[in-house]
Amino acid sequence: MSGLILCNSRPVKNPYYVEEMGIHLYSGEELSYFIYHNLMLIGDDFLDERLFRFIGQELGMTGLETKLRKWAGQADQAELLLVILQDIHYYSSAELFAFKEQLDRLAKSSAAEQMKAKADYLFSLRQYYGALRLYDKIFTLRNDELISEGFRGTVWFNKGSALAGIFSFDQAAECYIRAYELLQNEEPLRKLFELHLLDELVKIPEGLMDHIPAETQFNWKTELEEKKKRARFTGRAAEAEALMEKDNIRRAAGLQALVRRWKSEYQRSQG
Amino acid sequence: MEGLLLGIDLCDDYSQISCFRPLDMEPEPVALGDDTSSGLIPTVICKKKGEDAWYIGEEAYRLALFGGGTMVDKLVKLVRKEGYATIEGVRYMAEDLLRIYLEKILELPKKKYGTEEIESLVFTVQDLEGHFLDKLIQVAESCKVARDTVHVLSHTESFIYYVISQKKDVWANQTCLLDLTEDGLHYYEMRVIRGRKPQVIEAEHEKLEESFSLDVLDTPAGEHLADTILTACADRLFKKKIISSVFLTGKGFMTSDWAPEFLKVACNRRKVFAGQHLFANGAAYVAFDLLQEDTAYPYICICEGRIRSTVSLYAVYGGRKEQVVLASAGSNWYEAKSSVEFIVDDTAMLDLTVAPVGSQRVEKVSISLDELPARPNKTTKIEVIVSFSDERCMTVRVVDKGFGELFPATGKVIRRDFFIS
């Protein structure tokens with residue numbers, strides 16, 4: 001149903017804090033959005049006293065709070081998440097159906113797949129340490145649970161990217177080599193090559209790149225240079241650059257706020 | 001209820017004040033000094049020479065006449081044109097003078113009833129113009145009257161409330177009012193449209209061209225001329241109408257002895273009431289009604305100062321499509337401001353429905369939301385603010401409220417003005 005959704009304008013005194021994302025949620029609609037789009041961030045302990053109080057006291061949905069408290073120990077968490085979304089009425093029936101399918105897919109996947117999905121999600125949020133812990137945990141599982149060589153290769157590849165994210169280039173290079181051994185495609189080699197370009201101390205084992213044509217390597221190098229150039233004018237650099245154009249007072253205040261946010265993001269990434 | 005419930009008719013020539021008495025369930029006129037006969041307080045102010053002493057009404061005239069001070073009149077007009085007056089080399093803004101005047105007239109009921117507290121204050125004025133109303137309310141606030149206790153009605157609205165506070169046989173059919181002042185001759189007409197729930201009361205106001213200065217009433221020949229003019233007006237206005245009552249008010253009708261021919265026409269199978277304080281009393285009735293849990297006037301009033309259409313839109317609430325009313329027909333345009341928050345769901349337009357009272361024709365007005373920042377679907381909350389600058393001019397503002405900390409607000413505002421029927 002397209003159009004408008006009437007908001008429940010009850011003001012929230014104590015918003016719900018989502019530690020993993022470093023944000024506060026102020027409404028039922030925001031809570032719904034968080035659940036729907038961040039399923040991977042939701043741990044087994046999500047349905048706790050803090051959430052119940054937020055729903056009951058802050059959102060004024062005492063009926064939903066009672067339901068959740070009653071069923072918390074008995075019903076499956078996925079079912080209760082669906083109950084929350086249904087009662088808040090932010091999502092349409094079709095959207096709820098899609099969410100249910102997402103829950104079903106997750107339930108059917110193996111422990112290794114679930115862990116990888118969560119690790120990948122943390123990686124997308126730049127929470128590299130959290131992602132690395134999960135990638136490592138995957139390798140502690142029995143071999144038969146790791147499904148396939150391709151799966152293991154992808155885990156090595158993603159772990160390499162997470163390590164590159166925290167500037168552990170040597171360890172990242174090792175991961176990309178292992179990923180290449182399992183995946184046998186060019187992508188891990190390309191990443192390894194890029195690491196080498198970023199830090200010459202990262203050595204590429206002899207013979208590993210022999211079958212990559214010089215022209216391809218040249219293209220990889222050109223594209224990396226392009227990425228580096230773009231990075232200077234987008235994202236965080238652009239954000240900081242925009243502040244330099246403001247007057248002294250606003251610039252100082254803006255930079256202070258930006259540094260505070262970066263610090264907070266860094267602290268979360270350590271999580 | 002221990003505070004004062006006041007109605008003030010604020011005009012350029014005279015002002016009148018009435019205080020609603022809950023025990024008697026009717027308003028009581030409040031006069032200046034011993035002048036209990038008329039209760040008309042000239043809207044003039046005079047500063048005594050060399051002193052910080054101010055006088056209003058007849059006293060102000062007297063002081064100015066004997067050269068004891070400088071007088072300023074037509075205070076309402078002065079405020080409307082954002083003017084000022086220079087007295088003894090000091091420039092006084094119009095609203096400062098009006099404040100002093102208002103403080104003085106508010107003293108009258110305070111003294112008479114022995115209380116300082118004003119629980120409800122309803123002004124009634126000839127024309128409802130936005131800037132003037134803002135100023136008037138600011139002036140009232142500066143007189144230490146709380147903002148939420150102050151309301152403003154048009155004369156037409158006051159007339160309606162005065163009439164429907166009388167016995168029903170008085171307004172069984174159409175009801176008319178002639179207001180004869182220095183400003184001219186004003187004609188008001190109201191009727192109840194029955195058979196609808198809630199019932200609709202429609203009233204109209206017209207400033208008649210056939211007017212005359214009240215000075216003509218100083219001579220017998222002038223009185224005769226005025227009577228002739230008024231009789232011609234009555235013949236024209238009352239023709240083919242079923243009128244239950246005719247009300248006569250304004251300084252010109254302090255006495256109606258000068259208009260025998262007109263009275264013959266007016267009294268023909270109709271009740272005729274003549275007196276002052278009609279608008280102030282109507283306002284005082286409202287001052288009392290506003291404090292009640294349930295209104296004594298369950299009608300939709302369509303007149304000057306009231307919105308003629310209901311403005312609404314459709315939105316999903318609790319999973320169902322519901323009509324959300326942003327402004328109701330019959331509400332006072334000055335107080336009809338509303339604000340509701342919505343989440344935009346897969347739409348680039350805001351469609352409002354404008355439904356005039358008693359008409360099947362429904363008008364649609366749309367506002368493009370393209371100027372809002374691009375975000376994923378359902379992550380833009382908007383505040384829709386509807387306000388009016390008169391009965392027909394509606395302003396809609398759409399404010400980007402973002403989506404919490406997930407998608408911070410930009411504060412972007414889309415503003416559109418509409419002329420509605």
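The model is predicted; local features require pLDDT of at least 70, side-chain atom pairs count only at pLDDT 80 or more, and totals for chains, interfaces and linings use all residues. Residues are numbered from 1 along each chain as its sequence is written, while chains are lettered from A and ligands numbered from 1 in the order in which they are written.

**View 1. Strand pairing between β1(A) and β20(B).** β1(A) and β20 (residues 338-345) of chain B run antiparallel to one another over four bridges. Strands are DSSP E runs of at least two residues and helices are H or I runs of at least four, numbered from the N terminus; two strands pair if DSSP finds at least two bridges between them. A:G3 lies opposite B:D345 of β20(B).

**View 2. The side of chain A that touches chain B.** Contacts join 17 residues of chain A to 22 residues of chain B, a contact being two C-beta atoms, placed from the backbone, within 7 Å. β1 (3-6), β3 (23-25) and α1 (28-37) of chain A are the elements that each give two or more residues to this side. The most come from β1(A), with four residues. By residue class, this side of chain A holds nine nonpolar, six polar and two charged residues. Here Ala, Val, Leu, Ile, Met, Phe, Trp, Tyr, Cys and Pro are taken as nonpolar, Asp, Glu, Lys and Arg as charged, and the others, Gly among them, as polar.

**View 3. Strands β20, β23 and β24 of chain B.** β20(B) also pairs with β23 (residues 381-388) of chain B, in the antiparallel sense and over six bridges. Within this pairing, B:E341 has B:E383 in β23(B) as its bridge partner. β23(B) pairs in turn with β24 (residues 393-405) of chain B, antiparallel over eight bridges, and B:I382 is bridged to B:D400 in β24(B).

View 4. B:M25 sits in the loop between β2 (14-21) and β3 (26-30) of chain B. B:M25 counts as exposed because it has 11 C-beta neighbours inside 10 Å; the cut-offs, with C-beta atoms placed from the backbone, are 20 or more others within 10 Å for buried, 12 or fewer for exposed, and partly exposed in between.

**View 5. Helix α3(B) and its buried face.** α3 (residues 94-113) of chain B has 20 residues and reaches 29 Å from first to last C-alpha, close to the expected 28 Å, which is 1.5 Å times one less than the number of residues. Its buried residues include B:L98, B:Y101, B:L102 and B:I105. Down the axis of α3(B), the buried residues fall within an arc of 165 degrees and so line one face; the arc is that of the directions from the helix axis to the C-beta atoms. B:G114, with a positive phi near 65 degrees, follows α3(B).

**View 6. The enclosed helix α8(B).** α8 (residues 278-289) of chain B has 12 residues and reaches 17 Å from its first C-alpha to its last, close to the 16 Å expected. Because 11 of the 12 residues are buried, α8(B) is largely enclosed by the rest of the structure. Among the buried residues are B:F279, B:Y285 and B:F288.
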